[in-house]
Structures are given as C-alpha cells and as structure tokens.
Amino acid sequence: MNESTPGLVPIFRLELTFSETFAYASTTGPRLGIVIGAGTATGPRLTGTVADDGGELIVVRPDGTLDLDSRMMLRLDDGRFVYWRAKGSVLLSPDQAEAAGTGTLPEAPVVVSPYFDVPDDDDLRWLTRAAFVGRGTYSAKGAMIDIYMLEAL
C-alpha cells in the first residue's frame, strides 16, 4: 500500500450570493435557512451556474460550529445538470454562533465535503467516483468555496 500523502486536484470555485436568510427554533437547536440567489462554478474541470434557488440548511451548535447541509443544481455550460449536495461546517466563535442563531452571520471559514449526482454520461461519471473537499469563506451575503478532488492511489 502506498503511504504517501494524497494530493488535491483543483476542480472549480463555487461563488454564491444569498438572497434570503431566515432563523427559526427547532428541537435540535437554532436553525438557519439560506436561499441561494445566484451562483457560478468556474474552474479547470467544471464550469456552470446555479440553476435553481437551492439553499443551505444550518444547525447552530453551542460550540460555535454551524453544521451545514447544502443542496443545489448546477447547469454546466453545455446545458447538462449536476446535483450538488454537501455537508460541512462554518467555523465561528461561540459568541458569533449565538448571533448566527438570530440570522446574523459574520464572514467565517467554511469546509465542505460535496457529493455529486450526474447524468449517465461517461465524461461526467468521474464526479461520482471520487472524494471531494472544499474550503473557503461564508457570510450572510454569500460564499466562495474552492473544490478539490482527492487524488486516487
């Protein structure tokens, strides 16, 4: 087995603009719902736009972490659709997290692990056979996240 550290291959940068944020109480704690107003994916392996008003569902944890569940459809430049779902974390201080529970979201680091579902096209299937990670910034106005693919052995 190869024990070298795997590399990360840049895939695209996701830039999102949020159009609405709402906060509400739930049995698991404060939650946020964020509606995506617009977005683009640009990069060496994938380019397109956000095709729907997908969104972000967030649970505000007491330790300052926001648990992120992100879902949207991307329309590639050639017209094909790619489904994005990502789990992740927005990293805040406990005070910032308390404010976030009311809908106030400061700029903060975000890490995500996206999953893709694609049309049954051979040239897109690689998106369903690899592991991906992303990191960037997140705020009340939007997000910018660089997506990378983990190199296979």
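**Basis.** I worked from a predicted model, in which local features need pLDDT of at least 70 and side-chain atom pairs count only at pLDDT 80 or more, while totals for chains, interfaces and linings use all residues. Residues are numbered from 1 along each chain as its sequence is written, and side-chain values use heavy atoms, with hydrogens and water left out.

**Fold.** Along the sequence I read the order β-β-β-β-β-β-α-β-β-β.

**Salt bridges.** I searched the whole structure and noted ten salt bridges, each being a side-chain nitrogen of Lys or Arg within 4 Å of a carboxyl oxygen of Asp or Glu.

I looked at D146 and R13, whose side chains meet in a salt bridge at 2.6 Å, N to O; the pair links distant parts of the chain, with D146 in strand β9 (residues 142–150) and R13 in strand β1 (residues 8–26), 133 residues apart.

I then checked R80, which forms a salt bridge with D123, the closest N and O atoms being 2.9 Å apart. R80 lies in the loop between β5 (65–76) and β6 (81–91), and D123 in the loop between β7 (108–117) and β8 (132–138), 43 residues apart.

I also recorded a network of salt bridges that links D69, R71, R85 and K87.

Conventions. Helices (H or I, at least four residues) and strands (E, at least two) are DSSP runs, numbered from the N terminus.
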